[in-house]
Structures are given as structure tokens and as C-alpha cells.
Amino acid sequence: MAYSGIEIGDDTMIGEFSAIYDCNHHAVDEEHPTKYAPVRIGTNVWLARNVTVLPGSTIGDHTVVAAGSVVQGELPPRVLAVGNPARPVKDLQVSDGWERQGRPGRIARSQSMMSTTKESRP
Ligand SMILES: CC(C)(COP(=O)(O)OP(=O)(O)OC[C@H]1O[C@@H](n2cnc3c(N)ncnc32)[C@H](O)[C@@H]1OP(=O)(O)O)[C@@H](O)C(=O)NCCC(=O)NCCS
């Protein structure tokens, strides 16, 4: 459920167990009210498995966030960002209009399973 707004661009992919928060849900202490802040995720972004995006974060177009990372604040476009807090570790070569392939290994894997099954037949 979005509280203050979550914007996700076209062709963006979100890995399993990832979470995007635009609200912290609870106050940390009595002097700091619960934080509500919109999140903006650009186009053709890839959040790998188990990425957490915290309130107020922005992720630029074409950026990739590695598995297990926690995004807090602003990530520029076209970078690989890793860790907690996620920080850019390399620039990505991505032209406008280029889309990441979806699960290219899946076909190869199922073909190899089929061929294993065939070969193991008596
Ligand atoms: C995003 C990803 C594919 C990038 O892979 P890559 O381009 O091969 O990245 P590299 O291995 O070159 O990593 C670059 C640097 O980031 C570090 N790094 C990569 N992934 C990291 C992670 N999840 N957490 C912390 N550091 C990480 C590497 O150690 C490396 O550091 P170094 O330069 O000091 O050696 C990969 O990090 C990842 O998350 N894979 C899992 C994908 C996934 O979750 N798929 C299923 C759901 S869609």
C-alpha cells in the first residue's frame, strides 16, 4: 500500500522479496514522527532479489540495485549500486530504449534438463 506515493517507470523489474516503502510505519522515538516521503523509481531499473527501498528515495533510469541492498536517498541513472546503504560501484552502458532481457537462462536450463532426461533414458 502506498501512503505518500510510489512511482515506478516503464520496464522496471523488481526481484522477489524486494520491498518499496514510502512510509516507515512507526515512529523511531517521540521526537521524530513517522516518516512519510514519496519514492520515485525510473524506467528500465532492475531491483534484484531482496532489495529494500526506503522512504524518500530516488533511483535513476536504467540503474541496477544488487541483491540484498538497501536504498536510502538518491541513486543516479545508469549505475550498479550495491550494499547497505546502496552506493554506485560502476557505471552502466545503457542506451535509451534498451530493455534488459528477461530470464535468458530459463530456456537454456529447461533445454538442458530435457536433454539430461533424454540421455538418462535406457
Ligand atoms: C546485479 C548483479 C547481477 C550485478 O552483477 P555483476 O555485474 O556481475 O556485478 P559484479 O560482480 O561485477 O560486482 C561489482 C562489485 O559489486 C559487488 N557486489 C555485487 N553484488 C553485490 C551485492 N549483492 N552486495 C554487495 N556487493 C555486491 C562485487 O563484489 C563487486 O565489488 P568489487 O568491484 O569490489 O569486486 C548482481 O550483483 C546480483 O544482484 N545478482 C543477483 C540477481 C538476482 O537477484 N536475480 C534474481 C531476482 S531478479
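Student: Which residue in S9 does Thr52 stand opposite?

Tutor: Thr52 faces Val70 in S9. Keep in mind that we're looking at a predicted model.

Student: What makes strand S6 and S9 a pair?

Tutor: Two strands pair if DSSP finds at least two bridges between them. Strand S6 (residues 52-53) is joined to S9 by two bridges, so by that cut-off they pair. The two run parallel.

Student: Which sheet do they belong to, and in what order do its strands come?

Tutor: They sit in an open sheet of three strands, ordered S3-S6-S9, with parallel pairing. Strand S3 (19-20) and strand S9 (70-71) each have a single partner strand, so one side of each has no neighbour in the sheet.

Student: What holds strands of a sheet together in general?

Tutor: Backbone hydrogen bonds do the pairing, in either a parallel or an antiparallel way.

Student: What is the order of the open sheet of four strands?

Tutor: That one goes S1-S4-S7-S10, again with parallel pairing.

Student: Why are strand S1 and strand S10 said to stand at the edges?

Tutor: Strand S1 (6-8) and strand S10 (74-75) each have a single partner strand, so one side of each is left without a neighbour in the sheet.

Student: How do you know that strand S4 and strand S7 pair?

Tutor: Count bridges again: strand S4 (residues 39-41) and strand S7 (residues 58-59) have two bridges, and at least two are needed, so they pair. Within this pair, Ile41 stands opposite Ile59 in S7.

Student: How many helices and strands are in the chain?

Tutor: You'll find one helix and 12 strands.

Student: What makes a set of residues a nonpolar core?

Tutor: Its members must be buried residues of kinds such as Ala, Val, Leu and Ile, joined through C-beta atoms within 7 Å. The largest one here has 14 residues, and Val51, Ile59 and Val65 are among those with the most contacts inside it. S4, strand S8 (64-65) and S11 each supply at least two residues of this core.

Student: Which residues does Val51 touch, leaving out those up to four places away in sequence?

Tutor: Val51 touches Gly15, Ser18, Val65, Ser69 and Val71.

Methods:
Residues are numbered from 1 along each chain as its sequence is written. This is a predicted model: local features need pLDDT of at least 70, side-chain atom pairs count only at pLDDT 80 or more; totals for chains, interfaces and linings use all residues. A residue is buried if 20 or more other C-beta atoms lie within 10 Å of its own, exposed if 12 or fewer, and partly exposed in between; C-beta atoms are placed from the backbone. Two residues are in contact if their C-beta atoms, placed from the backbone, lie within 7 Å.
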